[in-house]
Amino acid sequence: MRARELAAVAELLDRAGTGERATLLIDGEPGTGKTTLLARAAERAATRGFGLAAGGAEELDRLIPLNPLLSAFDDLPGESDPAPESLERRVERLRTHMEKRIAAGPLLVTLDDLQWADPATLMAVRTLHCRLSSRPLAWLLARSTGGRDHDAERLFDLLERQGARRVTLGPLPEDAVARVIADMLCARPDPGLLDLASGAGGNPFLLAELLDGLRDEGAIEIAGGRARLVSPVLPQRVRALVRRRLDRLSREARHLVEAAAVLGRSFSPEDVAELLGAGPATLLPALEEALEAGLLAAAGDMLTFRHELVWRAVLAGLPRPLRLALRHQAERLPEPSRPADRLRPAAREGADARGRSPRPAVRACPAADEVIRAVTGARVIEAGEGAEPAMEHLAGADVYSALGRHPWVLAVEPGCAAWLVRLALRTGDRARAELVGAALDRLPADVLDDEVAHARGLLDDDPRALARAAERAADPWSRASAEEDLGVLLCRTGDRAAGIESLNRALAGYEEAGATRDTARLRHRLRQEGVRHRHWSYADRPVTGWDSLTDTEHAVSMLVAQGWTNRQVAEQMFISVHTVAFHLRQIFRKLDIRSRVELTRLAVEHTTGPHSASR
């Protein structure tokens, strides 16, 4: 895979074998295969009769002088003098020992991860490199670039000036990536897998972690010599890797990277500064740290995440409420500095001397908050008046067109994307339904994976996508909604038995979620299919106390205990505000309480105490 670099290794061994000074310096960002190259070099050297001394630095080695060299020469005899040994004396013993090893034949010394080496090790390498320059000795030194290892960088610069050859490991080309995948999976990758793997940016380590994670989570199907991507969800293994890299940053740099992820893979320094409420100059130290860590890179007048997979992992690692809050805040940033605007030169008319267009007094596109309010209102209208009035409300607010600019509003509440698609299809407006699909395509696949599957299942009449959404959705109502759409599709396409089974599962899901309106609607649909269910179920409950609450009352209690208003509870459970108030009166009566504070206390007691185990 690294033909050029392996050729440089062969040349290194040739020079050392003739007694010439032979030093090869390997630079590369983390994960580009430096350690693998050193191992390959050791294998080739062994076949040519070289002695081997392999060592490397670790992150804590700055606290232990000379540890990388001592790990390479673990056969170094101990000092007979019990008195503390000076640094100079230890380096001299290393030199003497190396000369004895070289007397028996040529020697290859490989030292990895020198970005973590202590100053004494770097000084010793320089000293030994000079004193043993006429011996059949090959040095192969590697370091990761991008960090704050200025001492190691100065050593590499010095050795290069003295004649060492320097090689930088870049990203793997596309054909090499395809070969790596084929080698790891013993199968040829399909286009979907290649597309996802391209997000590793040719970084071998990140690519290997992605493939191992996909394989561990059953997201790759291998059949007939082909490896097919089953799910594009980012594996937990990759998320954990990126989380570890973020944890190495300072608090300020980590916050900058996380906020920047919400702006997209590419963003402007001005936007991230405004999002964090700081000036660009204030963020300079954190920005430099993120650049040196290899997470970000400069691209003209923009900044970008170096690897798409890293950007997606950072974004997916943000708690959903925080991600949405940041996104809503980002939507209010001045339009001209947004990355999407920079891709549309026609929108730059009237730009000032700095190339930034003045913000228009009246926005042609509604704001994200306006879109959310319009969708919420339309759902209420649809429940009371039907699909056509709801669509008229959305069309008047230009909601479907606005999704192209505000795709994140689809994540505000469960089932929003599927509902918008379903409403458009029900009113015969295929074009608007497709706008929802296009908006979902702009979001990372793992952010709304079940939403994408549900919406796509409706758009494409795809029972597999709907079944996947019904299985994987995060909450009972969303699972029931997808199950209902699956049942309707199966009944319409002739598989009535399977369709009825799905509708029954949807009914159970709606009942579990306390969605009274959806339960009633689905009972009516089942009656049309010739299936009847009892409208009530008997439960041997006490008259008062926590155990006297019905399932719906229990669901209302838990939401209210989380600080939700009656309107928020109503929207979540798809019931009216008056119905929520009725349930609350019943709850207060059964529990003999008078306030939400008392209800919250009781809810906490029953979810953390012995009663919770029986629920």
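**Close-up views of a predicted model**

Residues are numbered from 1 along each chain as its sequence is written, and side-chain values use heavy atoms, with hydrogens and water left out.

**View 1. An open sheet of five strands, paired in parallel.** The strand order is E2-E3-E4-E1-E5, where strands (E, at least two residues) and helices (H or I, at least four) are DSSP runs numbered from the N terminus, and two strands pair if DSSP finds at least two bridges between them. Strand E2 (51–56) and strand E5 (165–169) stand at the edges with a single partner strand each, so one side of each is left without a neighbour in the sheet. Neighbouring strands are turned by 15° against each other on average, direction ignored (axes are lines fitted to C-alpha atoms, for helices over the stretch in contact, and angles run from 0 to 180 degrees between N-to-C directions).

**View 2. Strand E1 beside E5, with helix H1.** Strand E1 (residues 22–28) runs parallel to E5 and is joined to it by five bridges, and glycine 28 stands opposite leucine 169 in E5. Helix H1 (residues 3–17) packs on the sheet, touching E1, strand E3 (107–112), strand E4 (137–144) and E5 (contact means heavy atoms within 4.5 Å), and the direction of H1 makes about 160° with that of E5.

**View 3. Confidence in helix H16 and strand E3.** Confidence is lowest in helix H16 (residues 339–342), at a mean of 39, and highest in E3, at 94.

Key: This is a predicted model: local features need pLDDT of at least 70, side-chain atom pairs count only at pLDDT 80 or more; totals for chains, interfaces and linings use all residues. pLDDT is the predictor's confidence in each residue, from 0 to 100.
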